[in-house]
Amino acid sequence: MHITATIRRSLAVACLAATAVAGHAAVSVDPKLPVYKVTSGVSGTIKSVGSDTMNNMMALWAEAFKQMYPNIQVEIEGKGSGTAIPALVSGTSIFGPMSRAPKDKERDEFEEKFGYKPTQLPTSIDMLAVFVHRDNPVKGLSLKQLDGVFSKTYKTGSENIQRWGQVGLTGDWANLPISIYGRNSASGTYGYFKKHALKKGDYKDSVKEQPGSSAVVNGVAKTKGGIGYSGIGYKTADVRVVPLAPSGTDYVEASVDNVEDYPLSRHLYLTVNYEPGSELDTLRKEFIKYIFSQQGQAAVATDGYLPIDAATARAALKAVNINPGF
């Protein structure tokens with residue numbers, strides 16, 4: 001289980017606020033978060049380069065922000081978390097969404113340029129989902145089995161799993177080859193899955209690397225024997241989310257009620273170039289305030305992810321010298 005104390009705290013709020021809608025848990029935001037209010041002096045261009053997982057969420061935030069400030073411009077590029085730090089270093093972006101923490105090499109590159117480390121703000125919670133074709137009846141998979149499906153080095157002691165019969169399916173499914181979809185190495189999701197599901201093992205050469213999360217899900221949806229991974233916000237009606245178990249067969253559904261025990265939960269971050277002790281420019285300051293408001297966190301829920309709680313938001317704002325005011 002890879003859940004921090006701040007995720008647990010956020011989950012407690014999210015679960016308490018959950019209401020039943022169409023048989024699923026619909027998450028409301030923490031009522032202790034502030035309502036964002038329009039101010040003056042906001043201009044410029046929101047330039048964001050980074051996580052594909054967060055691309056839709058960045059677009060939702062930016063679109064709503066532009067409605068409040070029509071004169072601003074928006075440029076959003078989501079080619080993977082690995083592109084975020086280089087863009088911040090080169091000055092081609094002012095925000096770097098990432099689905100993972102920076103690597104040591106990335107931190108060093110940033111610090112060498114600016115003299116301080118990049119700042120990461122936890123904006124939301126994702127359950128990294130494993131998808132199969134909607135007709136696939138597999139009951140669940142353990143992380144050991146995932147290692148056998150996706151990896152060629154078997155760090156968990158798994159065997160090479162190539163057919164669905166090896167994970168318990170019978171009948172016509174038993175001999176059906178497993179067709180594997182994944183992300184490319186620029187993706188933070190690629191790195192997170194490699195670290196936590198494959199225990200840093202190497203991916204199989206047969207993984208069909210996709211440029212984005214939507215492409216992974218679409219590939220699985222069109223392939224009866226398909227399997228792939230991405231942020232749960234990319235789920236469609238054409239795929240199933242497979243319950244996962246840290247070990248054995250105690251499978252955990254990727255749902256609000258179970259996410260504390262779900263083995264692939266993680267924060268999604270907004271990375272910024274912030275010099276400690278300084279004041280952010282008005283555009284970045286107000287956009288960050290919006291993200292950590294009730295409206296910004298409502299967009300998180302709309303995109304299929306879990307909002308963070310007021311305490312986490314307060315700490316994030318303080319990290320960039322913004323007075324939370326709540």
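**Notes on a predicted model: helices, strands and cores**

1. Let's start with two helices. The axes of H2 and helix H8 (residues 282-291) come within 11 Å of each other, and they cross at roughly 115 degrees. Keep in mind as you read that this is a predicted model. The crossing of H2 past H8 is right-handed. From H2, the residues making the contact are Met58, Trp61, Ala62, Ala64, Phe65 and Met68, and from H8 they are Leu283, Glu286, Phe287, Tyr290 and Ile291. Sort the residues of this contact by type and you get 10 nonpolar, no polar and one charged.

2. Helix H2 (residues 55-68) also meets helix H9 (residues 294-302), where the axes come within 9 Å and cross at roughly 145 degrees. Here too H2 makes a right-handed crossing, this time past H9. Look for Met57, Leu60 and Trp61 on the H2 side, with Gly296, Ala299, Val300 and Thr302 on the H9 side. This contact of H2 with H9 splits into five nonpolar, two polar and no charged residues. If you wonder what to note down for any such pair, packed helices are described by the angle between their axes and the distance between the axes.

3. Next, the nonpolar core. Which residues touch the most other members of the largest nonpolar core? They are Trp61, Phe65, Phe193, Ile227 and Ile288, out of 83 residues in that core. The element that gives the most to this core is E6, with eight residues. You have already met Trp61 in the contact of H2 with H9. Phe65 is one of the H2 residues that meet H8.

4. Setting aside neighbours within four places in sequence, isoleucine 288 is in contact with Phe95, Leu121, Leu270, Val272, Leu280, Leu317 and Ile322. There is also a second, separate core of seven residues, and Ala84, Leu88, Val89 and Phe110 are among them.

5. E6 has other partners. Eight bridges join E6 to strand E13 (residues 265-272), again antiparallel. Strand E14 (residues 306-307) pairs with E6 in the antiparallel sense over two bridges. What stands opposite serine 124 in E13? That is leucine 268, while in E14 the residue opposite serine 124 is proline 307. With strand E11 (residues 239-241), E6 pairs in the antiparallel sense over three bridges, and there phenylalanine 131 stands opposite valine 241. While you look at strands, remember that in a regular strand the side chains alternate between the two faces of the sheet.

6. Go back to E10 for a moment. Six of the six residues of strand E10 (residues 226-231) are buried, so E10 is largely enclosed by the rest of the structure. Tyrosine 181 stands opposite glycine 228 in E10.

7. Two single residues are worth a click. Serine 142 sits in strand E7 (residues 141-142). Is serine 142 buried or exposed? Serine 142 is buried, since its relative accessible area is 6%. Leaving out neighbours within four places in sequence, serine 142 is in contact with Ala245, Ser247, Gly248 and Tyr251.

8. The other one is glutamate 106, found in helix H4 (residues 104-114). Glutamate 106 is buried as well, with a relative accessible area of 9%. Where is isoleucine 85 relative to glutamate 106? They are 21 residues apart in sequence, and their C-alpha atoms are 6.4 Å apart in space. Leaving out neighbours within four places in sequence, the contacts of glutamate 106 are Gly82, Ile85, Met98 and Arg100.

Definitions and conventions. Residues numbered from 1 in each chain as written. Predicted model: local features only at pLDDT ≥ 70, side-chain atom pairs only at ≥ 80, totals over all residues. Heavy atoms only, no water. Axes fitted to C-alpha atoms, helices over the stretch in contact; angles between N-to-C directions. Helix = DSSP H or I, 4+ residues; strand = E, 2+ residues; numbered from the N terminus. Left-handed = near helix turned anticlockwise from the far one by under 90°. Contact = heavy atoms within 4.5 Å. Nonpolar A, V, L, I, M, F, W, Y, C, P; charged D, E, K, R; others polar. Buried < 20%, exposed > 50% of the residue type's maximum accessible area, 1.4 Å probe, protein only. Pairing = 2+ DSSP bridges. Core = buried A, V, L, I, M, F, W, Y, C linked by side-chain atoms within 4.5 Å.
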